[in-house]
Amino acid sequence: MRFLIFLLPLLLFSKEVTLDFLSSKPASVAKDYYIWKFFDQNITKKEAWEAFYQIKNVNRKIFLKFAPKSGDSEVIKIAKCMKKIEFPKDSSCIAVWPTPYRFINKDFKTQEKILKKIKPFKIYTKYWILHQKHPFFLLLKYKHLFLDIYMSVGDKFREETLNYAIPTYILNDLKKDKRFDSFINLAATNPKLKKVHFSFFNLNPDELSHNSSFMIAMLAIKYNLLNLAKRYLKNAKEKAYYTFDIDKCNFWLYLISKNKKYLNELLKSKDLNIYTYYAYEKMGKKINIKKVKLENESFKFNDINRSKIIYISSPAVSIDTNKNQNINDPFLWLEILNSIKNMNKEELFNYSKKFKSKKLLPVYAFIIEKLSKYSIHPFITPYENLLKNLSVKKRALIYAIARQESRFIPSSISHSFALGVMQIMPFLAKAIAKDKKIKNFDLDMMFNEKKNIEFAIYHLKFLEKKLSHPLLIAYAYNGGIGFLKRKIVEKNIFDNSKFQPFLAMEMIPYSESRKYGKKVLLNYIIYLNIFEEKEKLISLIKKLKLFDHNHRF
């Protein structure tokens, strides 16, 4: 396999983005990010359209930046309609403006005015239903609109107006909709929708997906219907595709039955997650962390299959041999990802050697994990010089977040344009830069690991003033402090009922944040152990029960 050598493009790091640069790059999230930045520059209409047609995924963020540069009156009008908060006077915006959430927050007379305006459009029926005194019962008639409305009106309206038992025949029809899993998740994670929850227990678990079966099992556990929960959990286990999801079911089957056969199944799992780690602690077994020196040539592929976790330490002195491999370049990282997609084991192992250096350690660890088919889990501590003055717990937290966010790749870009090692969102990066009075700040500075980690430390100081537990900090880092307050603290999901706090961890409203928190928490425990600071996963999780829901907010 030819070894790819790319110099850092001259346009990166605070340089102007040009059409030539964009045209030379493959369609990707990285390219979309630079097109998004391109629309901030002083460009012509022709240039704006040329860039627009190169976008891989046109989202709201990109479209709203493109519109004023397009020179097209219709495009500009659509963008203005999308941004309007108040009901528009311009009738051309009517079909674009309404959302169920906006509509229900208007007073009765304003709703009537809106209905008159939108009567010629197909969306009229949806808003007419929402305007009625008892919309839930109309939804039973207009069941093709049930999920569309239910999932877009907000928690308050669902709790006050749609909190009724849903007939089984309606649920059986809704099962055919690809949004059904999301609907079950949305309702199950709202503790105030008790009537809706009990409706779900009439569903045949054999006809449900893994996700729906598991969430209904969690509800059954919440209401102490443990035999029912077991039925749904066994179905969820049978339907699970990922090892993580099988482990999750085994964990809960153990908790509700105390049958150690489920712990033994967890011990045999190839995955590393809070469920398997819990089993090791509960059974008094230790997961050995194999320590490997990067410069040690005796480290061979066969070695990595002897331990679930390996800690690859950075050499004291750089052993870099590939100085032109600049992984601060998003397009180089994209080339590496594309290169390793279809490699066989031998090719992948030989390719990994090209990154066996202090500077390229994140790429090396990434490839080693893929090489093992994710049966071993490398933990690394790059950028040590940037964290040396921090406490052990703070270092462990930063490494835990970075490992989950980016696998330490400094040029990582998410679909929402979160950037760098710690995946800093553009709005947050700009706010921190303003606070720190950084002149001529450019978002590309976030591809510099030193600056990125500096910003993350600054943000974590803010979160730590309000939160003390690493799991809650992880939720806030991922979803924002507002998400944590509205969806977790105010809904009091970490209560003192049976099976807490484990049950609450399964009831985090957003599945991404739910899984993210578990992974960061486990990373944190493992890094503490690497740094020889003893901490048990089980004891750390149990500390969540002591969380004061009213403090610091």
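The model is predicted: local features need pLDDT of at least 70, side-chain atom pairs count only at pLDDT 80 or more, and totals for chains, interfaces and linings use all residues. Residues are numbered from 1 along each chain as its sequence is written, and side-chain values use heavy atoms, with hydrogens and water left out.

H27 itself spans residues 470–479; helices here are DSSP runs of H or I with at least four residues, numbered from the N terminus. Eight of its ten residues are buried, so H27 is largely enclosed by the rest of the structure. Buried means under 20% relative accessible area, exposed means over 50%, and partly exposed is in between (1.4 Å probe, protein chains only). The buried residues of H27 are Pro470, Leu471, Leu472, Ile473, Ala474, Tyr475, Ala476 and Tyr477. They pack against helices H24 (392–406), H26 (449–466), H28, H29, H30 (511–530) and H31 (537–542), where contact means heavy atoms within 4.5 Å.

Two of these neighbours, H29 and H30, are joined by a charged pair. Lys518 forms a salt bridge with Glu506, with the closest N and O atoms 2.7 Å apart; a salt bridge is a side-chain nitrogen of Lys or Arg within 4 Å of a carboxyl oxygen of Asp or Glu. Because Lys518 lies in H30 and Glu506 in H29, the pair ties together parts that are twelve residues apart in sequence. Lys518 is buried at 4% relative accessibility, and Glu506 is buried at 2%.

Lys451 is partly exposed at 24%, as is Glu454 at 28%. Elsewhere, Asp177 pairs with Arg179 in a salt bridge at 2.9 Å between the closest N and O atoms. Lys37, Asp442 and Asp444 are linked in a network of salt bridges. The salt bridges number 20 by this rule.

Some charged residues form a patch instead. Lys258, Lys260, Lys282, Lys498 and Lys542 make up a positive surface patch. Patches consist of residues with over 30% relative accessible area and no salt bridge, like charges being joined within 9 Å and nonpolar side chains (Val, Leu, Ile, Met, Phe, Trp, Tyr) within 5 Å. Lys498 lies in the loop between H28 (481–489) and H29 (502–506), and is exposed, with a relative accessible area of 54%.

Methods:
Accessible areas come from the Shrake-Rupley method with a 1.4 Å probe; for residues, only the protein chains shown count as cover. Lys and Arg count as positive and Asp and Glu as negative; His and the chain ends are not counted. The place of a charge is taken as NZ of Lys, CZ of Arg, CG of Asp or CD of Glu. Helices (H or I, at least four residues) and strands (E, at least two) are DSSP runs, numbered from the N terminus.
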